[in-house]
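Look at the sequence and the model first.

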Amino acid sequence: MTKIVILTGAGISAESGLETFRASDGLWAQHRVEDVATPEAFARNPKLVVDFYNARRAQAAEVSPNAAHRALARLEAELDGEVVVITQNVDDLHEQGGSQNVMHMHGSLKGALCAACDHRWPAPMVMAPGDPCPACNAPAARPDIVWFGEMPYDMDALFEHLAEADVFAAIGTSGNVYPAAGFVAEARRAGAQTLEFNLERSAVGNQFAEHRVGPATQTVPAWVD
Ligand code: BJW
(Lines give C-alpha, C1' and ligand atoms only; values in the text may rest on other atoms or scores of the structure.)
Protein backbone atom coordinates (compact mmCIF):
# COMPACT_ATOMS: atom_id res chain seq x y z
CA MET A 1 0.00 0.00 0.00
CA THR A 2 1.49 3.34 -1.06
CA LYS A 3 1.81 6.08 1.51
CA ILE A 4 2.07 9.66 0.26
CA VAL A 5 2.96 12.42 2.71
CA ILE A 6 2.41 15.96 1.49
CA LEU A 7 3.73 19.10 3.16
CA THR A 8 2.03 22.32 2.14
CA GLY A 9 2.86 25.97 2.75
CA ALA A 10 1.50 29.40 1.95
CA GLY A 11 2.19 29.00 -1.79
CA ILE A 12 -0.66 26.50 -2.23
CA SER A 13 -3.16 29.09 -0.97
CA ALA A 14 -1.62 32.00 -2.90
CA GLU A 15 -3.78 31.43 -5.99
CA SER A 16 -6.87 31.42 -3.76
CA GLY A 17 -5.94 34.99 -2.82
CA LEU A 18 -4.12 34.60 0.50
CA GLU A 19 -0.76 36.33 0.79
CA THR A 20 2.40 34.31 1.35
CA PHE A 21 4.85 35.24 4.09
CA ARG A 22 8.11 35.86 2.35
CA ALA A 23 7.16 37.40 -1.01
CA SER A 24 8.19 41.07 -1.22
CA ASP A 25 4.51 42.04 -0.99
CA GLY A 26 3.73 39.26 1.50
CA LEU A 27 2.60 39.39 5.10
CA TRP A 28 5.99 40.01 6.63
CA ALA A 29 6.53 43.09 4.43
CA GLN A 30 3.81 44.86 6.41
CA HIS A 31 4.46 43.38 9.87
CA ARG A 32 7.81 42.55 11.44
CA VAL A 33 7.58 38.87 12.32
CA GLU A 34 8.80 39.52 15.85
CA ASP A 35 5.92 42.02 16.31
CA VAL A 36 3.17 39.50 15.58
CA ALA A 37 4.28 35.87 15.59
CA THR A 38 6.05 35.25 18.90
CA PRO A 39 4.71 34.69 22.42
CA GLU A 40 6.80 37.69 23.52
CA ALA A 41 5.01 39.91 20.98
CA PHE A 42 1.66 38.76 22.32
CA ALA A 43 2.74 39.51 25.92
CA ARG A 44 3.99 42.97 24.85
CA ASN A 45 1.09 44.05 22.64
CA PRO A 46 -1.82 41.56 22.64
CA LYS A 47 -4.11 43.92 20.73
CA LEU A 48 -1.71 44.23 17.77
CA VAL A 49 -1.34 40.46 17.57
CA VAL A 50 -5.05 39.67 18.02
CA ASP A 51 -5.97 42.32 15.40
CA PHE A 52 -3.45 40.83 12.93
CA TYR A 53 -5.07 37.40 13.29
CA ASN A 54 -8.60 38.87 13.22
CA ALA A 55 -7.71 40.41 9.84
CA ARG A 56 -6.22 37.11 8.60
CA ARG A 57 -9.36 35.23 9.79
CA ALA A 58 -11.58 37.67 7.88
CA GLN A 59 -9.46 37.25 4.71
CA ALA A 60 -9.51 33.46 5.00
CA ALA A 61 -13.33 33.50 5.25
CA GLU A 62 -13.51 35.24 1.86
CA VAL A 63 -11.51 32.76 -0.22
CA SER A 64 -12.15 29.33 -1.73
CA PRO A 65 -10.01 26.28 -2.35
CA ASN A 66 -8.24 26.18 -5.70
CA ALA A 67 -7.41 23.43 -8.21
CA ALA A 68 -4.35 22.34 -6.21
CA HIS A 69 -6.33 21.82 -2.98
CA ARG A 70 -9.01 19.92 -4.90
CA ALA A 71 -6.45 17.73 -6.68
CA LEU A 72 -5.00 16.62 -3.33
CA ALA A 73 -8.51 15.69 -2.16
CA ARG A 74 -8.95 13.58 -5.34
CA LEU A 75 -5.62 11.90 -4.69
CA GLU A 76 -6.77 10.95 -1.18
CA ALA A 77 -10.12 9.66 -2.44
CA GLU A 78 -8.73 7.67 -5.35
CA LEU A 79 -5.34 6.33 -4.22
CA ASP A 80 -5.15 2.70 -3.20
CA GLY A 81 -3.18 3.71 -0.13
CA GLU A 82 -2.86 6.52 2.36
CA VAL A 83 -2.47 10.26 1.77
CA VAL A 84 -1.55 12.54 4.67
CA VAL A 85 -1.55 16.30 4.19
CA ILE A 86 0.65 18.08 6.72
CA THR A 87 -0.04 21.77 6.34
CA GLN A 88 1.81 24.73 7.80
CA ASN A 89 -1.16 26.86 6.75
CA VAL A 90 -3.63 28.17 9.28
CA ASP A 91 -6.48 28.45 6.74
CA ASP A 92 -8.86 25.51 6.18
CA LEU A 93 -8.74 25.38 2.39
CA HIS A 94 -7.60 21.74 2.34
CA GLU A 95 -10.68 20.69 4.31
CA GLN A 96 -12.94 22.89 2.16
CA GLY A 97 -11.36 21.31 -0.92
CA GLY A 98 -12.34 17.86 0.33
CA SER A 99 -9.19 16.50 2.04
CA GLN A 100 -9.96 14.56 5.20
CA ASN A 101 -6.56 13.51 6.50
CA VAL A 102 -5.12 16.94 7.30
CA MET A 103 -2.75 17.89 10.11
CA HIS A 104 -2.32 21.57 11.01
CA MET A 105 1.17 21.69 12.47
CA HIS A 106 1.11 25.50 12.94
CA GLY A 107 -2.44 25.69 14.35
CA SER A 108 -5.58 27.21 12.89
CA LEU A 109 -7.26 30.59 12.52
CA LYS A 110 -10.46 28.86 13.61
CA GLY A 111 -9.02 28.01 17.03
CA ALA A 112 -8.54 29.83 20.31
CA LEU A 113 -6.03 28.71 22.93
CA CYS A 114 -5.83 29.59 26.62
CA ALA A 115 -2.36 30.95 27.44
CA ALA A 116 -2.96 29.97 31.08
CA CYS A 117 -4.25 26.34 30.88
CA ASP A 118 -3.75 25.30 27.18
CA HIS A 119 -7.48 24.60 26.70
CA ARG A 120 -8.47 24.91 23.00
CA TRP A 121 -11.87 25.94 21.63
CA PRO A 122 -13.40 27.40 18.42
CA ALA A 123 -12.42 31.05 17.98
CA PRO A 124 -15.03 33.74 17.37
CA MET A 125 -14.61 35.66 14.07
CA VAL A 126 -13.34 38.62 16.09
CA MET A 127 -11.29 37.87 19.18
CA ALA A 128 -10.51 40.50 21.82
CA PRO A 129 -7.42 40.50 24.03
CA GLY A 130 -8.41 39.31 27.49
CA ASP A 131 -11.34 37.18 26.36
CA PRO A 132 -11.97 34.63 29.14
CA CYS A 133 -11.10 30.96 28.77
CA PRO A 134 -14.26 28.81 28.92
CA ALA A 135 -12.40 26.15 30.95
CA CYS A 136 -10.45 28.10 33.60
CA ASN A 137 -11.95 31.59 33.19
CA ALA A 138 -8.51 33.26 33.00
CA PRO A 139 -8.56 36.34 30.73
CA ALA A 140 -5.97 34.62 28.56
CA ALA A 141 -7.49 33.74 25.15
CA ARG A 142 -5.01 33.87 22.26
CA PRO A 143 -5.12 32.67 18.65
CA ASP A 144 -4.38 28.91 18.40
CA ILE A 145 -1.32 29.54 16.25
CA VAL A 146 2.18 28.11 16.67
CA TRP A 147 4.54 31.06 16.95
CA PHE A 148 8.33 31.13 16.68
CA GLY A 149 9.90 29.41 19.64
CA GLU A 150 6.82 27.24 20.25
CA MET A 151 6.51 23.52 19.58
CA PRO A 152 4.47 22.67 16.46
CA TYR A 153 1.51 20.35 16.98
CA ASP A 154 1.56 16.55 16.66
CA MET A 155 5.32 16.24 16.15
CA ASP A 156 5.51 12.57 17.15
CA ALA A 157 2.75 11.58 14.73
CA LEU A 158 4.28 13.72 11.95
CA PHE A 159 7.66 12.03 12.25
CA GLU A 160 5.98 8.60 12.27
CA HIS A 161 4.22 9.46 8.99
CA LEU A 162 7.53 10.65 7.48
CA ALA A 163 9.27 7.44 8.52
CA GLU A 164 6.60 5.42 6.66
CA ALA A 165 6.44 7.58 3.52
CA ASP A 166 6.92 6.07 0.06
CA VAL A 167 6.50 9.50 -1.53
CA PHE A 168 7.08 12.91 0.07
CA ALA A 169 5.92 16.02 -1.79
CA ALA A 170 6.36 19.62 -0.60
CA ILE A 171 4.08 22.19 -2.21
CA GLY A 172 4.44 25.99 -1.99
CA THR A 173 6.77 26.27 0.98
CA SER A 174 10.01 28.27 1.07
CA GLY A 175 11.97 25.86 3.28
CA ASN A 176 12.96 28.65 5.68
CA VAL A 177 11.08 27.54 8.81
CA TYR A 178 12.01 24.48 10.86
CA PRO A 179 11.13 21.78 11.74
CA ALA A 180 9.04 21.59 8.51
CA ALA A 181 12.08 22.47 6.37
CA GLY A 182 13.79 19.37 7.73
CA PHE A 183 11.03 16.96 6.67
CA VAL A 184 12.57 16.27 3.25
CA ALA A 185 15.76 15.01 4.92
CA GLU A 186 13.68 12.82 7.21
CA ALA A 187 11.69 11.40 4.27
CA ARG A 188 14.87 10.70 2.30
CA ARG A 189 16.25 8.78 5.27
CA ALA A 190 13.06 6.67 5.12
CA GLY A 191 13.77 5.95 1.43
CA ALA A 192 10.89 8.05 0.07
CA GLN A 193 10.74 9.46 -3.43
CA THR A 194 10.87 13.28 -2.99
CA LEU A 195 9.24 15.99 -5.13
CA GLU A 196 9.05 19.74 -4.76
CA PHE A 197 6.29 21.87 -6.29
CA ASN A 198 7.15 25.58 -6.27
CA LEU A 199 7.55 28.65 -8.46
CA GLU A 200 11.27 28.41 -7.74
CA ARG A 201 13.70 26.17 -5.86
CA SER A 202 13.19 26.54 -2.15
CA ALA A 203 15.92 26.99 0.46
CA VAL A 204 16.08 23.19 0.79
CA GLY A 205 15.36 22.52 -2.91
CA ASN A 206 18.66 20.74 -3.50
CA GLN A 207 17.48 17.92 -1.21
CA PHE A 208 14.57 16.94 -3.50
CA ALA A 209 15.04 14.37 -6.25
CA GLU A 210 12.40 15.96 -8.52
CA HIS A 211 11.06 19.47 -9.12
CA ARG A 212 7.81 20.61 -10.67
CA VAL A 213 8.32 24.33 -11.30
CA GLY A 214 5.24 26.50 -11.82
CA PRO A 215 1.99 27.56 -10.16
CA ALA A 216 0.55 24.88 -7.91
CA THR A 217 -2.88 25.09 -9.58
CA GLN A 218 -1.22 23.70 -12.73
CA THR A 219 1.57 21.46 -11.48
CA VAL A 220 -0.37 19.64 -8.73
CA PRO A 221 -3.41 18.58 -10.85
CA ALA A 222 -1.01 17.54 -13.63
CA TRP A 223 0.79 15.26 -11.14
CA VAL A 224 -2.38 13.82 -9.60
CA ASP A 225 -4.46 13.19 -12.74
C1 BJW B 1 4.11 29.05 -4.87
C2 BJW B 1 3.07 29.77 -5.39
C3 BJW B 1 2.25 29.09 -6.27
C4 BJW B 1 4.09 31.12 -4.12
N5 BJW B 1 2.50 27.81 -6.55
N6 BJW B 1 4.35 27.79 -5.16
C7 BJW B 1 16.72 24.94 12.96
C8 BJW B 1 17.56 25.88 12.37
C9 BJW B 1 17.32 27.24 12.55
C10 BJW B 1 16.24 27.69 13.31
C11 BJW B 1 15.40 26.78 13.87
C12 BJW B 1 15.67 25.43 13.70
N13 BJW B 1 14.67 24.75 14.35
C14 BJW B 1 13.83 25.62 14.90
C15 BJW B 1 14.23 26.88 14.65
C16 BJW B 1 13.53 28.14 15.09
C17 BJW B 1 12.34 28.50 14.25
C18 BJW B 1 12.79 28.71 12.81
O19 BJW B 1 12.60 27.88 11.96
N20 BJW B 1 13.36 29.85 12.51
C21 BJW B 1 13.78 30.13 11.14
C22 BJW B 1 13.29 31.50 10.75
C23 BJW B 1 15.25 29.90 11.00
N24 BJW B 1 11.26 27.53 14.33
C25 BJW B 1 10.38 27.51 15.33
O26 BJW B 1 10.45 28.32 16.25
C27 BJW B 1 9.30 26.45 15.31
N28 BJW B 1 9.29 25.74 16.55
C29 BJW B 1 10.27 24.88 16.87
O30 BJW B 1 11.21 24.69 16.15
O31 BJW B 1 10.09 24.23 18.09
C32 BJW B 1 11.20 23.42 18.57
C33 BJW B 1 11.41 22.11 17.85
C34 BJW B 1 12.69 21.63 17.66
C35 BJW B 1 12.92 20.42 16.98
C36 BJW B 1 11.86 19.67 16.52
C37 BJW B 1 10.58 20.14 16.73
C38 BJW B 1 10.38 21.36 17.36
C39 BJW B 1 7.92 27.08 15.17
C40 BJW B 1 7.73 27.72 13.84
C41 BJW B 1 6.37 28.46 13.79
C42 BJW B 1 6.17 29.17 12.46
N43 BJW B 1 5.08 30.04 12.56
C44 BJW B 1 4.67 30.82 11.38
C45 BJW B 1 3.68 31.93 11.78
C46 BJW B 1 2.45 31.44 12.43
C47 BJW B 1 1.36 31.01 11.47
C48 BJW B 1 0.67 32.16 10.79
O49 BJW B 1 0.65 33.29 11.31
O50 BJW B 1 0.11 31.92 9.71
O51 BJW B 1 4.13 29.93 10.38
S52 BJW B 1 6.04 31.58 10.54
C53 BJW B 1 5.39 31.39 8.93
O54 BJW B 1 6.35 30.61 8.17
C55 BJW B 1 4.12 30.55 9.07
C56 BJW B 1 4.31 29.53 7.97
O57 BJW B 1 3.55 28.36 8.24
C58 BJW B 1 5.79 29.30 7.95
C59 BJW B 1 6.32 28.75 6.66
O60 BJW B 1 6.14 29.65 5.60
P61 BJW B 1 5.77 29.09 4.15
O62 BJW B 1 4.46 28.43 4.21
O63 BJW B 1 6.90 28.31 3.62
O64 BJW B 1 5.55 30.46 3.34
P65 BJW B 1 6.61 31.37 2.56
O66 BJW B 1 5.96 32.68 2.28
O67 BJW B 1 7.90 31.42 3.26
O68 BJW B 1 6.88 30.62 1.18
C69 BJW B 1 5.89 30.48 0.18
C70 BJW B 1 6.47 29.61 -0.93
O71 BJW B 1 5.45 29.34 -1.87
C72 BJW B 1 7.62 30.29 -1.68
O73 BJW B 1 8.67 29.36 -1.81
C74 BJW B 1 7.02 30.62 -3.05
O75 BJW B 1 7.97 30.54 -4.11
C76 BJW B 1 5.96 29.56 -3.17
N77 BJW B 1 4.82 29.95 -3.98
N78 BJW B 1 3.13 31.09 -4.84
C79 BJW B 1 3.59 27.21 -5.96
N80 BJW B 1 1.21 29.74 -6.85
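Q: What classes of residue make up the shell around the ligand?
A: Nonpolar means Ala, Val, Leu, Ile, Met, Phe, Trp, Tyr, Cys and Pro; charged means Asp, Glu, Lys and Arg; the others, Gly among them, are polar. Here the shell has 19 nonpolar, 13 polar and four charged residues. This is a predicted model: local features need pLDDT of at least 70, side-chain atom pairs count only at pLDDT 80 or more, and totals for chains, interfaces and linings use all residues. Residues are numbered from 1 along each chain as its sequence is written.

Q: How many residues surround the ligand, and which are the closest?
A: A residue is near a molecule if its C-beta atom, placed from the backbone, lies within 6 Å of it. The ligand has 36 residues around it, and Gly9, Gly11, Gln88, Ser174 and Tyr178 are the closest. Helix H1 (10-14) and strand S8 (193-198) are the elements giving two or more residues. H1 gives the largest share, three residues. Helices (H or I, at least four residues) and strands (E, at least two) are DSSP runs, numbered from the N terminus.

Q: Where does the ligand lie relative to domain 1 and domain 2?
A: Domain bounds come from an automatic or database domain assignment. The ligand lies between the two, because domain 1 (1-18 + 65-106 + 152-225) and domain 2 (19-62 + 109-145) both give residues to its shell.

Q: At what angle do H6 and H10 pack?
A: Axes are lines fitted to C-alpha atoms, for helices over the stretch in contact, and angles run from 0 to 180 degrees between N-to-C directions. Helix H6 (residues 67-78) meets helix H10 (residues 216-224) at about 20°, with axes 8 Å apart.
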